[in-house]
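Welcome, and take a moment to turn the model around before reading on. The paragraphs below will walk you through it step by step.

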2 protein chains.
Amino acid sequence: MLVARGGAGYSLPRQNRGLANAMTKRTIFDENLERNPANYEPLTPLSFLERTAGVYPGRTAVIYGDRRYTWAQVNERCKRLASALRRRGVSRGDTVSIIASNTPELLEAHLGLSMTGAVLNSINVRLDVATVNYILKHGEAKVLVTDRQYSNTAKRALEGLRPKPLVVDIDDRSITDGELIGELDYEGLLKEGDPDFKAPRLEDEWDAVTLNYTSGTTADPKGVVCSHRGVYLNALGNVMLAGMTLHPIYLWTLPMFHANGWCFPWTVTVLGGTHVCLRRVEPGPIFDLLVEHGVTHLCGAPVVLNMLINATEHERKPLPRRVTMVTAGSAPPAAVLAGMERLGFEVVHGYGLTETYGASVVSAWKSEWDGLPLQERARLKARQGVKTVVEAGAMVADPETLEPVVPDGKTPGEILLRGNIMMKGYLKNPAATKEAFRGGWFHSGDVGVMHPDGYLEVTDRSKDIVISGGENISSVEVENTLYGHPAVLEAAVVARPDPKWGEAPCAFVTLKPGANVGAEELIAFCRERLAGFKVPRTVVFSELPKTATGKVQKFVLRERARTLSEKETAGG
Amino acid sequence: MLVARGGAGYSLPRQNRGLANAMTKRTIFDENLERNPANYEPLTPLSFLERTAGVYPGRTAVIYGDRRYTWAQVNERCKRLASALRRRGVSRGDTVSIIASNTPELLEAHLGLSMTGAVLNSINVRLDVATVNYILKHGEAKVLVTDRQYSNTAKRALEGLRPKPLVVDIDDRSITDGELIGELDYEGLLKEGDPDFKAPRLEDEWDAVTLNYTSGTTADPKGVVCSHRGVYLNALGNVMLAGMTLHPIYLWTLPMFHANGWCFPWTVTVLGGTHVCLRRVEPGPIFDLLVEHGVTHLCGAPVVLNMLINATEHERKPLPRRVTMVTAGSAPPAAVLAGMERLGFEVVHGYGLTETYGASVVSAWKSEWDGLPLQERARLKARQGVKTVVEAGAMVADPETLEPVVPDGKTPGEILLRGNIMMKGYLKNPAATKEAFRGGWFHSGDVGVMHPDGYLEVTDRSKDIVISGGENISSVEVENTLYGHPAVLEAAVVARPDPKWGEAPCAFVTLKPGANVGAEELIAFCRERLAGFKVPRTVVFSELPKTATGKVQKFVLRERARTLSEKETAGG
């Protein structure tokens, strides 16, 4: 009977057995009121492009250097792309991979590719040859579109692949040194296409639309599969998350390959906005574009916020209007939030993973906090927050019993998430999918606490806690303290084995250009601000090793901390 | 196999047979990536209340006279309402009817009632006893909640009903003359309820959430059934339609019983806004509330816009901020749009029916029109426009062949709509449902044209065209012209039999208080502005008969026009 009513295709655990009968009895509302082609349409972000191109055909959709496309042109280019690929045999459930910077081509792949029924696999441009090779093989890429800046990696990653994908070059004028390795170039492919292509109708909103590989630190990367339904909903959720209204001007500082730019390719499109593309994320060009185009919104990891704050006098420009910047990935330190505010940015802090389509938790701001002192405001905003509008559940709980932790802001648990913006699962990896979704919740692997007001806070990535003398130390807390020192550019704290306490916090620090400070001074700085056991016993001045998506590779630092000789260290 | 992929439960007509095989082959993305309780959640507006009450518990949710409720309080009252009704036997698929003005109780019914699984049937307060009786009987109401202002009608409408519904009074302090007719009053019912009620989980987003009866003019009213999915999506669509951001202050000038207030009960809730309730729609109190609470948005039929424009000097107040007013139901005449603009309102013009959850077409504004002369801007805005973001299709076509009309702004056709914001169907009326959805489109019954830029315009309700000398005359066009005369308050044009031309336009006109103008002058005014055959040959000064929802009852006027003696007429 559930199936007859067009149910979700699975049976949910009933929360109240006593109500079950009442909830499934057949009523007058279950007769002759079925879904039909007039009143049911699969949710898909393809509808956003179609509508915007129809309503605002002449409006500027894309700006990239001196290139400009209107919405009518973007729509035509997307139709050409999709129909050309179909003519070359691409169809529903095929994978099309792309390695590209934030260019119009990568945007078109996001907006138009799924007109073919194919799945977009946007690959991180910073990955090594072996990983790209693994992704192309595992994802069974039928096509690889590659920006010539990355053709060296792509060429080697393609070696030995059977069958070899169709290779298409993006021959960006601004890049001259990369080799062209494809059968044809992107514009040539578009020429093969039909500008009036009618995409086959999507049958099922649960169909896959994207495939993104998470940057595995220890195991093979996993392929995160997202659905049309999920992207549609998260794109609308972003409107409210970022406080966007009609026609935003959006600057692409967040890599589009990173969790599909948190679904902002589709959010900006549904609002008939303008995508300002950007190949290299550098402070000077960012400030130039903010001013030149009257940018209203952008996104980026805290490292980008940091870059803007530390821009030189020459690079920096006063903002002509209030700009909203959404950040996620790791909590922005209070000093960074304060710095952004002084520059005139409004920062929205979210939390999510590739598996959650981007932000699924947001540090929703309350107007009653407006009057608080800066440090207090920053502390509140640095919390990850509450579920977004389109998310069904977010809690901090025991990952085995699913019992929520006491909301005291102290008791740690795992952050668990649930709802329509959770991935379909990991491609060809039912074991990992089952593990990630056990108990009906997505297991983030991140450790956090729940505050009394219902806002959750990430205290550490799992296994990233420093346990010293039996006390848990949040490395994030120590890092935040170090960021408060004016000389510190970046800081990462990990556990170092300690003969007396088991483990002790060990800090790796990068200083700002021209800054000069010793380990002793930083330790003293921390001692004034932290409980004694939380103070780093070791400070190492060093570049921080990072993954291709800019996350600090703590496992590398832990290994370095473990093998540090006394000579290399200072302080303690 | 479509079922295995969790399809929509029906087979869509394929638009391209040649692609069918390619689109249904089984791929790597169809294996082990199913919906599960962690990654799939039925869409329901209940999630909006739950989230907003959790994130903004202390914020003002409702203002009604000197009553105030926070979001935590509204949530608690809704839980009490739902659990009390469950204890009294209400469960999934039961109908709960309510006859009430725009009070907190009616809002709570919209936001909370479906926690029981029941369906909300909000009844037009202006309906006659026989119609209310028909609705209670046809909808099989298990409960009737009635505002004491309407208890006289309700009491008589309940006569002879078996089984008799549970009757609950809303004992509003501001109403003293209505009788209390129920077993208990609303606040007493809430006292029976559990403030910590856990609603049974919704199993299927296609489940019914509301039932609204259209005001039939000739036949029995039809019961329009809407789904959780549709309300969820249209509530989010309204955010973009009305350009809303976080925490709107919304004034309830649109009756909530009218197509469920176009889904704005849920839109304002998802944004953590404030509902300003209002029992009587009168210009003085509206201006008072706009100023007192800093209202940002309101909705209403053109008659409300007219009321604001014609407010007396004493009633009118300067707006402290820009206010957006969404209007639909019939096209606002250019003079009305111009008048609203002068008062400082931004008017958003939409089009829809009870069957479409509110507006499903919107006269999307383009910034390039900003600089046009007022009359031209008004002409563009008076067009109904394009499909909303959450609508799948809107066209003007031959209702039998479904062939779209030539987009020349002249060729008439029927307005057809399609998508997730079309009703599930008419309750217990499969024949009418099938008729309304024939060919995979919802048939609006309205006649319109498609302009070359893709904007549609309603030219007349079906059967409401005046055909004179073989030429079609749009009564809307003639009415708009009459509204341009400074003395005209309201105008309605219908066909009057004419011995020479078959039919001729006959205008019924109400003048503004104190205005004085003769039929000859109005006819001369039209002659300067319209083609000769469109000029009314008859003008009758009279109150306009209206349906309970404020639509002019043209069938009454047509009958009056048919039987007019020469003595009653002037002009012509």
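This is a predicted model: local features need pLDDT of at least 70, side-chain atom pairs count only at pLDDT 80 or more; totals for chains, interfaces and linings use all residues.

Residues are numbered from 1 along each chain as its sequence is written, while chains are lettered from A and ligands numbered from 1 in the order in which they are written.

Let us begin with chain A. It holds 17 helices and 26 strands; here helices (H or I, at least four residues) and strands (E, at least two) are DSSP runs, numbered from the N terminus. The radius of gyration of chain A is 25 Å, close to the 25 Å that the globule rule gives for 572 residues, so chain A is as compact as a globular protein of that length. That radius is taken over C-alpha atoms, and the rule is 2.2 Å times the number of residues to the power 0.38. Along the principal axes, the C-alpha atoms of chain A fill a box of roughly 70 × 70 × 50 Å. Of its 572 residues, 56% count as buried. A residue is buried if 20 or more other C-beta atoms lie within 10 Å of its own, exposed if 12 or fewer, and partly exposed in between, with C-beta atoms placed from the backbone.

Next come the domains, whose bounds are from an automatic or database domain assignment. Chain A is divided into domain 1 (1-45 + 71-234), domain 2 (281-462) and domain 3 (465-568). The C-alpha centres of domain 2 and domain 3 of chain A lie 22 Å apart. Where these two touch, domain 2 of chain A provides 14 residues and domain 3 of chain A provides 12 residues; two residues are in contact if their C-beta atoms, placed from the backbone, lie within 7 Å. On the domain 2 side, helix 12 (334-343) and strand 21 (456-461) of chain A are the elements that give two or more residues.

Is A:Thr459 buried or exposed? With 24 C-beta neighbours inside 10 Å, A:Thr459 counts as buried. Beyond residues up to four places away in sequence, A:Thr459 touches A:Pro412, A:Val447, A:Gly448, A:Val449, A:Ser474 and A:Val476.

Now look at where the two chains meet. Here 78 residues of chain B are in contact with 78 residues of chain A. Helix 2 of chain B gives the most to the chain B side, with four residues.

Which residues touch the most other members of the largest nonpolar core? Among its 352 residues, they are A:Val276 and B:Val276. Such a core is a set of buried Ala, Val, Leu, Ile, Met, Phe, Trp, Tyr and Cys residues joined through C-beta atoms within 7 Å. Leaving aside neighbours within four places in sequence, the contacts of A:Val276 include A:Ile63, A:Trp252 and A:Val295.

Finally, visit helix 10 (residues 283-293) of chain B, where B:Ile286, B:Phe287, B:Leu289 and B:Leu290 are buried. Seen down the helix axis, the buried residues fall within an arc of 165° (of the directions from the helix axis to the C-beta atoms), so they line one face of helix 10 of chain B. These buried residues pack against strand 10 (249-251), strand 11 (274-276), helix 11 (302-309) and strand 13 (323-327) of chain B. Just after helix 10 of chain B, B:Gly294 takes a positive phi of about 60°.
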